Amino acid sequence: MWTSNRTTTFRDLQNLDDSRESPFSLPFSASQIAILITLQLAEPIASTSIFPYTNQLIRELDITGGDDAAVGYYAGIIGLTVLRWSRLSDRIGRKPVLAFALFPIVWCIGGFVGPLMGGTLARPQDHWPVLFSNPFWGQYPYFLPCAVAACLFVLALFMMSIFLEETLSTKRRPKLTSTMLGVSSGESVPQQSVAYTPLQSLLTPTVVIPIANYAMLAFFDVSFKVLLPLFFSTPTYLGGLGFAPSSIGSWLALFGIVNGVFQVLFFAKIVDRLGPKRLFCISVSCYAPVMVMFPIMSWLVSAREGVDHAITFALLCQLVLIVVWDMAFGAVFMFITASAPTNTVLGAINGLGQTSASMARAFGPALATSLFAASKEHNLLGGNAVFVVLLVLAGTLRWLGSWLPDEIQNRDE
């Protein structure tokens, strides 16, 4: 529970006394943090690298029978298996399981590199016909970006296995010190035992409310992330922008790098000034205007008979709103971490959060892209029904955010 009277700021979370074994203190050296960031980068790069070309791939496979409006029915599914691994990390150690949530900035960087890589490397025989003249590349035009993403995962696995140190105290190999030199070879160094907390005992309002907000946030975020490239690739006669994969990759990369730079430079200052709850509520309120920008752009394409500077301006406005929206992730992570009653259940609570978010991310793309396809195929609300539905549903997240505690406070260990 949060029992102290002093409010915790973002900087406090970084500077809490190590002697209290705060959950916010990082038991890593700079090199270990660098390894963790590299490991975390592999996932967003792989997951976002398919966005620029996945809709074109569906069209080329001809599984829609030439119906461009039906492409959304087949666009993207995300799997999940996180909770059991996170619970396991509290027992066998966090190095073999690696059950953490790192700062959203890593995802922003991956969101820049992934789409840029996918859009650039897709169909390499078209971009570099001399280097990729072998018929293999014509038969498998999307093999190259997938292979590069797979190599990143292999590299991440190697780095984790060889260089990453254990953080769970009961599984760390004790370092030799002057006080331990007197221990004979026949004596063993005792290790601290950690009680295994039942999962049901963690399902309190203090824990469930932040996790529910995180799950809803993940649902709306992934819905936007699959709709954006789908909207980019949809032909203009259906109300989309008709971008090529390379253009889609460039725009998605721009969204990622601007977002990442902003989070690095300003997130800590903004959350210290506004407080995590107020920032979270402001951020999630931006989702409605983000959705409104889609029908506005469709109208502009129809009225101006093509993509011009007005569309560019609208996309930049949408980018600003997304930058504010993404600050909600940093804020909700603060609530989730602070909700842990003891340090020994941090992995379990993180696992609950990640599993809930993974379920939302699995459900979100299927719903969003199917609604998009139905909206275009049946001309529901002028083809914009999907955006209206998500706009209305986003009010649920704003209401749920009001249930978060007004302040994050230091808990007594």
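Visitor: Is Asp-221 buried or exposed?
Guide: In this predicted model, Asp-221 is buried, with a relative accessible area of 8%.

Visitor: And which side chain does Asp-221 meet in a salt bridge?
Guide: The partner is Lys-225, and the two side chains meet at 2.9 Å, taken from N to O. Lys-225 is partly exposed, with a relative accessible area of 30%, whereas Asp-221 counts as buried.

Visitor: Where do Lys-225 and Asp-221 lie?
Guide: Both are in helix α9, four residues apart, which is about one turn of the helix. An α-helix has 3.6 residues a turn, so residues three or four places apart point the same way.

Visitor: How many salt bridges does the count come to?
Guide: The count comes to four salt bridges. Among them is the one between the side chains of Asp-308 and Arg-304, at 2.4 Å from N to O, where Asp-308 is partly exposed at 23% relative accessibility. Another joins the side chains of Asp-406 and Lys-277, at 2.8 Å from N to O.

Visitor: What does the pair of Asp-406 and Lys-277 tie together?
Guide: Asp-406 lies in the segment after α15 and Lys-277 lies in helix α11, so this pair ties together parts that are 129 residues apart in sequence. Asp-406 is exposed, at 62% relative accessibility, while Lys-277 is buried, at 13%.

Visitor: Changing topic, how many residues are in the largest nonpolar core?
Guide: The largest nonpolar core has 70 residues, and those with the most contacts inside it are Leu-217, Phe-224, Phe-232, Phe-280 and Trp-325. The elements that give two or more residues to this core include α9, α10 and α11, as well as α14 and α15.

Visitor: Which element gives the most to this core?
Guide: That is α13, which gives 18 residues to the core.

Visitor: What does Phe-280 touch?
Guide: Leaving aside residues up to four places away in sequence, Phe-280 touches Asn-213, Leu-217, Ala-328, Ala-331, Val-332, Leu-397, Gly-401 and Leu-404.

Visitor: Which residues does the second core include?
Guide: The second core is separate and has ten residues, including Leu-41, Ala-46, Leu-121 and Leu-144.

Visitor: One more thing, where is the kink in helix α10 centred?
Guide: The kink is centred on Phe-266 and comes to about 55°, within a helix that covers residues 245–274.

Visitor: And which residue follows α10?
Guide: Gly-275 follows α10, and the phi of Gly-275 is positive, near 90°.

How values were computed:
Residues are numbered from 1 along each chain as its sequence is written. This is a predicted model: local features need pLDDT of at least 70, side-chain atom pairs count only at pLDDT 80 or more; totals for chains, interfaces and linings use all residues. Side-chain values use heavy atoms; hydrogens and water are left out. The bend at a residue is the angle between axes fitted to the seven residues ending there and the seven starting there. A nonpolar core is a set of buried Ala, Val, Leu, Ile, Met, Phe, Trp, Tyr and Cys residues joined through side-chain atoms within 4.5 Å. Buried means under 20% relative accessible area, exposed over 50%, partly exposed in between (1.4 Å probe, protein chains only). Contact means heavy atoms within 4.5 Å.
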